[in-house]
Amino acid sequence: MGNLLTYSGIITKLRAMESRLLKPEQFQEIAHLQSVAEVVAYLKKNSSYTYVLDLLEDNHLHRGDIEKILIRQLYYDYSKIYRFCTLEQRKYLELYIKRYEIDVIDYCFRIVMNHYAEPFDLHHKKAFFDRYSQISIEKLITSRSVQDVVENLKDTEYYEPLKRLEDLPSATLFDYDLALDQYYFSKMWKNRKKILNKKDLEIYMNDCGSKIDLLNLQWVYRAKKYYDMTPAAIYALLIPVHYKVPVSLMKELVEASGPEEFESAFFKTSYGHHYDFSRKLTIEQMYSECLEKLYLAQRRQSPYSMASVNAYLFLKEQELQKLTTAIECIRYGLSPGDTLAYIGGKMQ
């Protein structure tokens with residue numbers, strides 16, 4: 001009864017918000033549209049993006065402009081959920097937002113390393129980050145080098161793990177991305193018991209642990225298929241946490257002679273039955289499918305818990321990814337079938 005009372009308001013809000021998520025048949029309709037302007041008009045009429053898209057001027061229909069507008073809806077949804085949460089529940093959401101922080105830092109490193117003439121386009125995120133994050137967008141947008149990015153994170157938890165890389169003159173974007181991921185997941189896994197209560201801890205462990213396993217599996221697969229890396233080099237990439245993939249099985253995966261042997265070992269993992277290599281899905285699509293099944297299963301098992309928040313935010317993030325991909329496909333004149341293939345849908 002306690003959980004029911006504590007979560008009843010949030011669950012009612014989430015159900016209302018989820019009813020506004022785009023359905024598969026709506027993505028079918030979007031894939032058949034002929035222009036970006038038609039997609040915007042469709043979303044204004046048939047989705048939860050009406051409010052934010054009304055802020056978009058007709059002469060700003062480039063992918064970047066639309067993405068900036070659409071991400072505001074995700075932030076708006078996060079804010080609505082946060083307002084309904086108790087102080088205890090907000091601790092969970094404050095862990096969740098760290099993945100948005102990692103994305104922003106990764107973006108900043110890409111900008112300065114590629115020496116773009118127009119360095120930053122983060123103003124649309126400032127209000128949200130000023131309210132919920134330890135990161136200062138105002139500081140980050142002044143960065144003109146890798147060293148600047150690191151120094152502008154000095155008052156955050158990300159400063160120390162990134163500062164260590166400055167002693168490596170050949171450090172690449174991949175090195176910085178990897179350092180962030182390894183720090184984030186290792187730190188969250190280590191400190192989880194200090195932050196969360198028993199029920200939320202169980203949900204978080206399943207969420208975070210499965211993500212670590214799936215990311216490690218992605219990295220091993222890519223290393224085998226695309227880069228022919230040695231086992232020693234692959235071990236250096238991995239997050240040092242084993243959730244449902246035991247050390248012995250991870251060793252077998254890393255030391256597989258090639259992609260075929262990797263696939264045989266992969267089917268021994270608890271994630272293997274979620275992925276059919278004959279479907280020609282990418283490893284990234286497998287990652288998303290596994291997580292979706294995980295989140296929805298957790299929500300069925302514990303509907304009056306943070307599992308429902310997890311599931312909704314994941315579904316919203318997936319919707320945004322599909323929308324931006326569909327818009328890009330339509331911009332380049334791809335057929336409806338090809339567009340749906342890119343977003344994981346099927347022609348009907």
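How many disulfides does the structure hold? The structure holds zero disulfides, a disulfide being a pair of cysteine sulfur atoms within 2.5 Å. Cys208, for instance, is in no disulfide, and the nearest cysteine sulfur, that of Cys290, lies 16 Å away. Cys208 is buried, with a relative accessible area of 3%, and Cys329 is buried too, at 6%, where buried means under 20% relative accessible area (1.4 Å probe, protein chains only).

This is a predicted model, in which local features need pLDDT of at least 70 and side-chain atom pairs count only at pLDDT 80 or more, while totals for chains, interfaces and linings use all residues. Residues are numbered from 1 along each chain as its sequence is written, and side-chain values use heavy atoms, with hydrogens and water left out.

Burial can also be followed along helix α3 (residues 36–46), whose buried residues are Val36, Val39, Val40, Tyr42 and Leu43. They cover an arc of only 160° around the axis, and therefore sit on the same side of α3; the arc is that of the directions from the helix axis to the C-beta atoms. An α-helix has 3.6 residues a turn, so residues three or four places apart point the same way. Helices here are DSSP runs (H or I, at least four residues), numbered from the N terminus.

Other helices contribute to the lining of the second largest pocket, for α4 (50–53), α5 (63–84) and α8 (123–132) each supply at least two of its residues. Of the 13 lining residues, the closest to the pocket's centre are Arg72, Tyr75, Tyr76, Ala127 and Phe128. A pocket is an open set of points on a 1 Å grid over the protein atoms alone, where a 1.4 Å probe fits, with protein on both sides within 12 Å along at least five of seven lines, and lining residues have an atom within 4 Å of a point.

Conventions
Buried < 20%, exposed > 50% of the residue type's maximum accessible area, 1.4 Å probe, protein only.
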